[in-house]
Amino acid sequence: MVGPLNLATLRVETQDMRPIVGTAVLLLTLLAAVTVPLASPAAAADGVAEAEFLSLINGERSRHGKAPLSVRGEVVPAARSWSDYMARQGAISHNPDLVEQMPSDWLRLGENVGVGGSVEGLHRAFMDSPGHRANVLGDFNQAGIGVSYGPRGMFVTVDFMKTALVQQTVTAAAPAPSTTCGGNINPPAAPSSQAAAGYWVLGTDGGIFSYGDTPFYGSVPGAGVQATSVLMAATPSSHGYWILGTDGGIFSFGDAAFHGSLPGAGVRTTAIDLKPTGTGNGYWVLGADGGIFSFGDAAFYGSLPGAGVSTQAVKLVPTPSGNGYWVLGADGGIFSFGDAAFHGSLPGAGVSNRSISMAPTPRGTGYWVLGADGGIFSFGDAAFYGSVPGMGMCESVTGIQLAPTVTGGGYYVLSDRGGVFSFGDAPNHGEPKILAITARDIAVAR
């Protein structure tokens, strides 16, 4: 795993701009921090990382008696677009068109940009730089955050804004539900203890939270390691699990055997997902560009770069036989390899929705796709059991992971704040939301 950020490697660039635009005074402190790069081949947005940056920023503001920032939906596209641009260029700079791209009701603007290997490392660098820190704790009430990946690692743009009026905002970079607040239109739930004995929830620091009949086998912090974790996977026996770090490092607990890692193979890329084989004697690791890395008895069936596809990959899903897999793109595109059959995709259905996660039915003749707002899209023999927007909640939720029950008669949706939403036959065993953690993944015990 990549160790803690060495701040001695930082280079800080500062540029001050103080023009007056119309009757609004633009106080813009443009600052950028550069860290040692961590390679990742393709630019792409990462809603989970964006939510983590917001959580860390608001945590700092809370500790200093400042009001939290809310996400301004109109600001997010500009931040993401600029992070994409920096990722393509392989260098950080400030958005020269920031003023023109902001909503007209702004009174004050600020921008932090940087490149590094992890959310935590970049946040620490921002807080250690007086100019960046001033923006984080500054006189702002809204923000838009964009994270993308390029050859040098994770690129982030944080656009801060103060407005005169309270605007309709969302709590994360995801569209607001279209259903009426308080009106649940989902199919009736039918929870069953046979569908899931319990589940584990993974925090961004590698902490593990066990619910139901799921023993605790260890955690990354418990092993004395500081690392940013992105995914976890239970062993076939459910007597252990693996935890994946952003650099492709693998942490094994319980009966989970170590079969190799990206750093051990000399590969430098941003890891996105890990899935074990049916035997538990191997696993696949997915890179941000759709590259597939096989360890142990995991066979290689193809990858997005090998197929000439250039897009952000967000999920790897093996078929029940283990003789193939699907790769989910951020736009909801589905790419099939080996014996993985294509059952449809969001673009093919005429749906424009940022996709976050995907899960197959038990027979592998269908799958569900999770949107960033918690919406569920069903293909093949995958039945629709409900969605977060369909619950009619009076708050927006950012869905980050989808996990089906053992029977395939239901599923769980995990939010970035640790909320666990149960649908169909999925029994709810609890959630770490009350602990105010940033959640990363959920794994169902079998």
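Modeller: Axes are lines fitted to C-alpha atoms, for helices over the stretch in contact, and the angles between N-to-C directions run from 0 to 180 degrees. The model is a predicted one, in which local features need pLDDT of at least 70 and side-chain atom pairs count only at pLDDT 80 or more, whereas totals for chains, interfaces and linings use all residues. Residues are numbered from 1 along each chain as its sequence is written, and side-chain values use heavy atoms, leaving out hydrogens and water.

Colleague: How many helices and strands does the chain have?

Modeller: Both kinds of element are DSSP runs numbered from the N terminus: helices are H or I with at least four residues, and strands are E with at least two. On that basis the chain has five helices and 26 strands.

Colleague: What percentage of the residues of the chain count as buried?

Modeller: Buried means under 20% relative accessible area, exposed means over 50%, and partly exposed lies in between, with a 1.4 Å probe and protein chains only. The chain has 446 residues, and the buried part of them is 58%.

Colleague: What distance does helix 1 reach from its first C-alpha to its last?

Modeller: Helix 1 covers residues 47-63, which makes 17 residues. The expected span is 1.5 Å times one less than the number of residues.

Colleague: At what angle do helix 1 and helix 4 pack?

Modeller: Two packed helices are described by the angle between their axes and the distance between the axes. Here helix 4 covers residues 119-128, and the axes of helix 1 and helix 4 are 10 Å apart. The angle between them is about 35°.

Colleague: How many charged residues does the contact of helix 1 with helix 4 have?

Modeller: Contact means heavy atoms within 4.5 Å, and the residues making it include Phe53, Leu56 and Ile57 of helix 1 and Leu122 and Met127 of helix 4. Asp, Glu, Lys and Arg count as charged; Ala, Val, Leu, Ile, Met, Phe, Trp, Tyr, Cys and Pro as nonpolar; and the others, Gly among them, as polar. By class there are seven nonpolar residues and one polar residue, and the number of charged residues is three.

Colleague: Which residue follows helix 2 with a positive phi?

Modeller: Helix 2 covers residues 76-89, and its buried residues include Trp82 and Met86. Among the elements that cover those buried residues are helix 1, strand 6 (106-116) and strand 8 (153-163). The residue after helix 2 has a phi near 75° and is Gly90.

Colleague: Why is the pair of Trp200 and Tyr241 called edge-to-face?

Modeller: Rings of Phe, Tyr and Trp (its six-membered ring) pair if their centres lie within 6.5 Å; planes under 30 degrees apart are stacked, over 60 edge-to-face, and the rest tilted. The count by this rule is 17 aromatic pairs. The ring centres of Trp200 and Tyr241 are 5.4 Å apart, and the pair is edge-to-face because the planes stand at 65°.

Colleague: How many residues apart in sequence are the parts that Trp200 and Tyr241 tie together?

Modeller: Trp200 is buried at 0% relative accessibility, and Tyr241 is buried at 0% as well. Trp200 lies in strand 9 (residues 198-203) and Tyr241 in strand 12 (residues 240-245), so the parts tied together are apart in sequence by 41 residues.

Colleague: Is Ser238 buried or exposed?

Modeller: Ser238 is found in the loop between strand 11 (229-234) and strand 12. Although not a glycine, Ser238 has a positive phi of about 65°. Its relative accessibility is 6%, so Ser238 counts as buried.

Colleague: What distance separates the C-alpha atoms of Leu262 and Phe295?

Modeller: Leu262 is in the loop between strand 13 (250-254) and strand 14 (271-276), and its 0% relative accessibility makes it buried. Not counting residues up to four places away in sequence, Leu262 touches Val285, Phe293 and Phe295, among others. Leu262 and Phe295 are 33 residues apart along the chain, and their C-alpha atoms are separated by 9.5 Å.
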